[in-house]
Amino acid sequence: MATPFEAFVSPLSWQQVSLLLDTVQYFEDAPKLLSLPQEEGPSVAVPVTADTLKKMLACLDENDAFQRKPFALRWEGGEDGDSGHLIVELPNDETVRQPAVLSAFSPV
């Protein structure tokens with residue numbers, strides 16, 4: 001299977017990540033691919049879980065809810081092509097490695 005998306009940087013604010021987290025929690029029983037904006041180009045559908053979004057939200061400042069910070073995202077494929085890891089490099093230099101099975105996620 002081809003890579004579901006190419007590596008990209010998504011500039012996101014506290015407000016945006018908070019809304020994305022609300023969306024993911026609403027669809028908790030039916031995971032959805034979330035469309036994340038790129039610095040340049042169209043939005044990218046990404047299999048993001050609530051745990052990953054919570055870590056993303058924790059590195060942003062609610063008092064500066066509209067300031068965007070860069071999140072670098074990429075996909076590392078697994079052995080079967082349907083599974084792998086979403087890698088998110090946070091603005092605070094930490095990295096989140098989220099396992100994901102692509103077929104478990106559907107478009108919003």
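A crossing is left-handed if the near helix is turned anticlockwise from the far one by less than a right angle, and right-handed if clockwise. This is a predicted model: local features need pLDDT of at least 70, side-chain atom pairs count only at pLDDT 80 or more, and totals for chains, interfaces and linings use all residues. Residues are numbered from 1 along each chain as its sequence is written, and side-chain values use heavy atoms, without hydrogens and water.

**View 1. The crossing of helices α1 and α2 is left-handed.** Helix α1 spans residues 14-26 and helix α2 residues 50-58. Their axes lie 9 Å apart, at an angle of about 160°. The two helices are therefore roughly antiparallel (an angle over 145 degrees).

**View 2. Residues of α1 meet residues of α2.** Contact means heavy atoms within 4.5 Å. From α1 come Trp14, Val17, Ser18, Leu20, Leu21, Val24 and Gln25. From α2 come Ala50, Leu53, Lys54, Met56 and Leu57. Nine of the contact residues are nonpolar, two are polar and one is charged.

**View 3. Side chains alternate along strand β2, residues 32-36.** Lys32, Leu34 and Leu36 point to one face and are buried (under 20% relative accessible area, with a 1.4 Å probe and protein chains only).

**View 4. Strand β2 pairs with β3 and β7.** Strands pair if DSSP finds at least two bridges between them. Four bridges link β2 to β3 (residues 44-47) in the antiparallel sense. Here Leu36 has Val44 as its bridge partner. Two bridges join β2 to β7 (residues 106-107), and these strands run parallel. Lys32 stands opposite Ser106 of β7.

Technical notes
Axes fitted to C-alpha atoms, helices over the stretch in contact; angles between N-to-C directions. Parallel < 35°, antiparallel > 145°, perpendicular 65-115°, else oblique. Nonpolar A, V, L, I, M, F, W, Y, C, P; charged D, E, K, R; others polar. Buried < 20%, exposed > 50% of the residue type's maximum accessible area, 1.4 Å probe, protein only.
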